[in-house]
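Trainee: I have a model on screen and would like to read its packing. Where do we start?

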Amino acid sequence: MPSKHLPVKTGKVLDMMGSMQESMTPSARRIADYVNRHAEDVTKLSIAELSQQVSVGEATIIRFCRMLGFKGF
């Protein structure tokens with residue numbers, strides 16, 4: 001959810017991830033790659049499910065979301 005609770009369009013989030021990819025950690029890049037390939041499916045996953053799919057910890061998912069400007073998943 002965005003920090004100001006405004007709706008965010010999927011394309012804008014994907015664009016933002018793309019522009020930040022060079023500065024991401026390897027774990028964050030794996031998350032971004034997975035989200036890019038499975039954008040619609042990710043909206044139906046829990047943090048635990050996504051962390052399993054990407055092989056990162058749940059806290060890493062939260063940090064990734066915060067890096068994008070969201071309060072959480």
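Mentor: Start with a term: buried means under 20% relative accessible area, exposed over 50%, and partly exposed in between, with a 1.4 Å probe and protein chains only. This is a predicted model, where local features need pLDDT of at least 70, side-chain atom pairs count only at pLDDT 80 or more, and totals for chains, interfaces and linings use all residues. Residues are numbered from 1 along each chain as its sequence is written, and side-chain values use heavy atoms, with hydrogens and water left out.

Trainee: How many helices and strands are there in the protein?

Mentor: Helices (H or I, at least four residues) and strands (E, at least two) are DSSP runs, numbered from the N terminus. The elements run α-α-α-α-α from that end. The count is 5 helices and 0 strands.

Trainee: What share of the 73 residues is buried?

Mentor: Apply the 20% cut-off for buried. Of the 73 residues in the protein, the buried share is 30%.

Trainee: Which residues of helix 4 are buried?

Mentor: Helix 4 spans residues 47-54. Ser51 lies in this helix and counts as buried because its relative accessibility is 8%.

Trainee: Which helices do the buried residues of helix 4 pack against?

Mentor: Contact means heavy atoms within 4.5 Å. Leaving out residues up to four places away in sequence, Ser51 touches Val56, Gly57, Glu58 and Ile61. The buried residues of helix 4 pack against helix 2 (26-37), helix 3 (39-42) and helix 5 (58-67).

Trainee: At what angle do helix 2 and helix 5 pack?

Mentor: Axes are lines fitted to C-alpha atoms, for helices over the stretch in contact, and angles run from 0 to 180 degrees between N-to-C directions. Under 35 degrees counts as roughly parallel, over 145 as roughly antiparallel, 65 to 115 as roughly perpendicular and the rest as oblique. Helix 2 and helix 5 are therefore roughly perpendicular. Their axes are 10 Å apart, and the angle is about 80°.

Trainee: Which residues make that contact?

Mentor: Helix 2 gives Ser27, Ala28, Ile31 and Ala32. Helix 5 gives Thr60, Ile61, Phe64 and Met67.
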